[in-house]
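Dear colleague,

My notes on what was found follow below it.

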Amino acid sequence: VTVYVPRDAAALSMGAEAVADAIRREATRRGASLRLVRNGSRGLLWLEPLVEVTTPKGRVAYGPVAAEDVPSLFDAGFLQGDAHPLGHGPTEDIDYLKHQERLTFARCGIIDPLSIEDYRAHGGGGGLDQALTMTPADVIATVTDSGLRGRGGAGFPTGLKWKTVLEAEAPQKYVCCNADEGDSGTFADRMIMEGDPFLLIEGMTICALAVGATRGYVYIRSEYPHAIDTFRQAVARAYEAGWLGDAIHGHPKTFHLEVRVGGGAYICGEETSMLESIEGKRGVVRVKPPVPAIEGLFGRPTVINNVLTLTSVPVILARGAAFYRDYGMGRSRGTQPFQLAGNIRRGGLVEKAFGVSLSDLIYRFGGGSATGRPIRAVQVGGPLGSYIPPDQFGMAKDYETFAAHGAMVGHGGIVVFDDGVDMIVQARFALEFCAEESCGKCTPCRIGAVRGVEVMDRIAAGIDREANISLLKDLCAVMADGSLCAMGGLTPQPVLSALLHFPDDFHRQPDARAAE
Ligand code: SF4
């Protein structure tokens with residue numbers, strides 16, 4: 001019997017280590033024989049630690065399990081998959097999982113993250129096998145045909161970026177993976193690096209072969225110690241297995257991969273700032289052009305892709321462009337791992353084809369708010385994403401529909417707020433966040449955010465309210481138009497969307513606010 005207890009950071013934060021110890025102890029005490037595997041998370045975070053057992057009817061799930069539940073699980077016969085109050089039956093039949101379309105997360109939570117054999121046994125490596133039989137131009141044509149767009153935020157066509165690097169003449173090229181997952185409510189990159197790290201290594205290797213890069217860097221945020229540790233171990237094993245190095249899979253191809261730990265600033269997730277940080281400098285945004293595909297890391301042509309973009313590539317190579325393109329809508333092809341967070345009953349990861357509605361995600365999958373109160377707003381796309389009111393929850397999630405509503409898909413994070421939220425506080429937070437995290441290179445962002453917080457405080461205090469709201473709008477226009485990068489350029493989004501959709505919060509009397 002194999003028992004799975006996740007060692008994903010979310011599960012660990014809920015006591016998974018103690019649960020694993022308790023299972024080992026109880027098994028020894030009872031003379032029960034079992035194999036304990038520390039897997040990644042399935043993404044059903046409200047059930048973590050989610051313990052699974054292999055049975056003739058497939059894997060059976062129990063959760064959330066606490067260490068003190070373990071003796072009763074043994075008493076109930078959980079090793080045979082028998083019923084227990086914490087039981088959920090076969091894992092794959094849990095509604096939350098059953099209705100997803102998992103391409104990128106197909107193996108996450110299923111395999112032992114550090115076993116290349118397990119990775120292979122579950123279909124891993126097939127994309128690279130295929131890429132090794134193709135010319136670089138054909139690999140890029142396949143990625144282009146799949147319709148894959150950057151999952152880091154901007155949605156730029158991945159094939160086009162790769163083609164630019166392939167065609168650039170240079171003695172050295174690089175692939176950099178942006179794993180500085182700093183957006184509020186996002187954890188998909190972390191889950192992959194902790195639960196299926198070879199997938200990222202495979203995706204980066206395919207990219208390197210396609211563009212002619214021989215060196216790669218994964219820039220992981222410093223706040224992710226478990227992801228850093230797991231991914232580093234995976235890289236070491238990939239070298240041992242000949243998946244990285246000077247003879248990839250026995251072919252005369254070179255690709256060396258290094259992990260770099262992030263500088264601890266939100267702006268280091270901006271691509272050019274990340275390059276500065278990898279080069280050992282302070283994370284300050286570079287002026288574009290030149291774009292990194294022409295002059296990137298150490299001045300050389302560089303592909304910069306997010307974890308979710310690179311981990312979408314293996315399945316595209318393994319199953320073909322048409323397979324991937326069949327998912328999605330309009331110009332948004334394939335699937336997006338959405339992350340449900342904030343005030344939500346069933347927080348976790350939902351991978352669905354583009355086109356799923358926000359309402360499906362937050363009610364059907366998420367089960368509504370955790371407090372049971374009506375949902376008043378959701379913020380999509382990180383701390384600089386727009387606030388969306390309930391009358392827009394029906395809109396389909398794809399790049400174009402969102403852009404038409406002044407919002408962005410971003411990294412797929414969805415943060416939910418119930419009717420207790422004060423939108424003026426949220427709008428102020430966006431400006432305060434920008435003031436804290438600005439790299440300081442350009443004036444609209446560096447000074448604008450600080451002045452914005454002051455203006456917001458005057459509005460909240462009811463001082464000269466209409467004039468200050470008008471000033472706030474002007475300031476937002478300057479920041480949006482005049483900022484060098486998306487940090488200052490997008491900060492107005494949450495502010496103006498809060499003002500547009502929730503104007504009452506900006507006009508409430510200070511004493512009414514204090515009373516609440
Ligand atoms: Fe730096 Fe802000 Fe200007 Fe971006 S917008 S370059 S973060 S000061």
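The crossing of α10 and α11 is right-handed, a crossing being right-handed if the near helix is turned clockwise from the far one by less than a right angle, and left-handed if anticlockwise. This is a predicted model, in which local features need pLDDT of at least 70 and side-chain atom pairs count only at pLDDT 80 or more, while totals for chains, interfaces and linings use all residues. Residues are numbered from 1 along each chain as its sequence is written, and side-chain values use heavy atoms, with hydrogens and water left out.

The axes of α10 (residues 197–211) and α11 (residues 225–240) come within 9 Å and cross at roughly 60°, which makes α10 oblique to α11. Oblique covers the angles left over when those under 35 degrees count as roughly parallel, over 145 as roughly antiparallel and 65 to 115 as roughly perpendicular. Helix α7 (residues 136–146) also packs with α10, at an angle of about 125° and with the axes 7 Å apart, so that α7 is oblique to α10; here the crossing is left-handed. Axes are lines fitted to C-alpha atoms, for helices over the stretch in contact, and angles run from 0 to 180 degrees between N-to-C directions. Helices (H or I, at least four residues) and strands (E, at least two) are DSSP runs, numbered from the N terminus.

Turning to the backbone, most residues other than glycine have a negative phi, and most peptide bonds are trans. A cis peptide bond, however, joins E48 and P49, with omega about -5°, and P49 lies in the loop between β2 (35–37) and β3 (51–55). Another cis peptide bond joins G63 and P64, with omega about -10°, and P64 is found in the loop between β4 (58–62) and α3 (70–76). H249, in the loop between α11 and β8 (256–261), has a positive phi near 55°.
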